[in-house]
Amino acid sequence: MSVETPAIVPELDVTDLEASLKVYTEVFTFKVLYSRPEERFAYLALGKAHLMLEELTGPGRNFHSAAMEFPFGRGMNLQIEVPDVRALYANAQASDLSIPIPLEERWYRQGEQEAGNLQFVVADPDGYLLRFFDNLGKRPR
């Protein structure tokens, strides 16, 4: 089966590729589409969401504009739509990961409407913030 690559795919530098893969595949339920173990790299997908993981000190190419210090990804979170956010939230709760924002219903103004999300925010082992959500649809403002 061929998978269409999205127009933007974040690549996250991680301190321990195996530890991150365990979290991303077992807790977050991503699938590894391919990997290059010799480069300490993996390409993952969850539905239409794609991302890449690369070990920070691995032999692959590194694009660092500053020192990498925990927590990684400061100033950004990755919003990822999933089919069953409640199940994913249960996985996150059963793990030892930090959940800065527990499961919540949140509505965001978009012009004269509001778009709803059932969402939570979890930090991966390197501190990247992931906001998993189910789309609740739209309603008048």
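How many helices and strands does the chain have? The chain has 2 helices and 8 strands, where helices (H or I, at least four residues) and strands (E, at least two) are DSSP runs numbered from the N terminus. The model is predicted, so that local features need pLDDT of at least 70 and side-chain atom pairs count only at pLDDT 80 or more, while totals for chains, interfaces and linings use all residues. Residues are numbered from 1 along each chain as its sequence is written, and side-chain values use heavy atoms, with hydrogens and water left out.

**Figure 1. Overall fold of the chain.** Along the sequence, the elements follow the pattern β-α-β-β-β-β-α-β-β-β. The radius of gyration is 16 Å, close to the 14 Å given by the globule rule for 141 residues, so the chain is as compact as a globular protein of that length. This radius is taken over C-alpha atoms, and the globule rule is 2.2 Å times the number of residues to the power 0.38. Taken along the principal axes, the C-alpha atoms fill a box of roughly 50 × 35 × 30 Å. Buried residues make up 41% of the 141 residues; buried means under 20% relative accessible area, exposed over 50%, and partly exposed in between (1.4 Å probe, protein chains only). Of the contacts (heavy atoms within 4.5 Å) with a separation of 6 or more, 52% are accounted for by residues 24 or more positions apart.

**Figure 2. The sheet formed by β1, β4, β3 and β2.** This open sheet of 4 strands has the order β1-β4-β3-β2, with mixed pairing; two strands pair if DSSP finds at least two bridges between them. Strands β1 and β2 are the edge strands, each pairing on one side only. From one strand to the next, the twist averages 25 degrees. Helix α1 packs on the sheet and touches β1, β2, β3 and β4, its direction making about 160 degrees with that of β4. Axes are lines fitted to C-alpha atoms, for helices over the stretch in contact, and angles run from 0 to 180 degrees between N-to-C directions.

Figure 3. Strand β2 (residues 31-36) runs antiparallel to β3, and 5 bridges join the two. K31 stands opposite A45 in β3, and the bridge partner of S35 in β3 is A42. The hairpin has 4 residues between the strands, and R40 takes a positive phi near 60 degrees there.

**Figure 4. The sheet formed by β5, β8, β7 and β6.** A further open sheet of 4 strands has the order β5-β8-β7-β6, with mixed pairing. Its edge strands, β5 (77-81) and β6 (101-110), each pair on one side only. The twist averages 35 degrees from one strand to the next. Helix α2 (residues 85-94) packs on this sheet, where it touches β6, β7 and β8, and its direction makes about 20 degrees with that of β7. Strands β7 (residues 113-123) and β8 (residues 129-140) pair in the antiparallel sense over 11 bridges. N117 stands opposite N135 in β8.

**Figure 5. Salt bridges.** The structure holds 5 salt bridges, each being a side-chain nitrogen of Lys or Arg within 4 Å of a carboxyl oxygen of Asp or Glu. R139 forms one with E114, the closest N and O atoms being 2.6 Å apart. R139 lies in strand β8 and E114 in strand β7, so this pair ties together parts that are 25 residues apart in sequence. R139 is partly exposed at 34% relative accessibility, whereas E114 is buried, at 17%. K22 and E26 meet in a salt bridge of 3.1 Å, N to O; both lie in helix α1 (residues 17-27), 4 residues apart, about one turn of the helix. E26 is exposed, with a relative accessible area of 51%. The side chains of R36 and E39 meet at 3.2 Å, N to O. R36 is partly exposed at 29%, and E39 is partly exposed at 28%. E18, R40 and E55 are linked in a network of salt bridges.

**Figure 6. The largest nonpolar core.** In soluble globular proteins, nonpolar side chains tend to be buried together. The largest nonpolar core here has 31 residues, and those with the most contacts inside it are Y24, F28, F30, L53 and F132. Such a core is a set of buried Ala, Val, Leu, Ile, Met, Phe, Trp, Tyr and Cys residues joined through side-chain atoms within 4.5 Å. The elements giving two or more residues to this core are β1 (11-14), α1, β3 (41-46), β4 (49-55), β5, α2, β7 and β8. Helix α1 provides the largest share, 5 residues. Not counting residues up to four places away in sequence, F132 touches residues including F28, F30, L46, I80, L88, L118 and F120.
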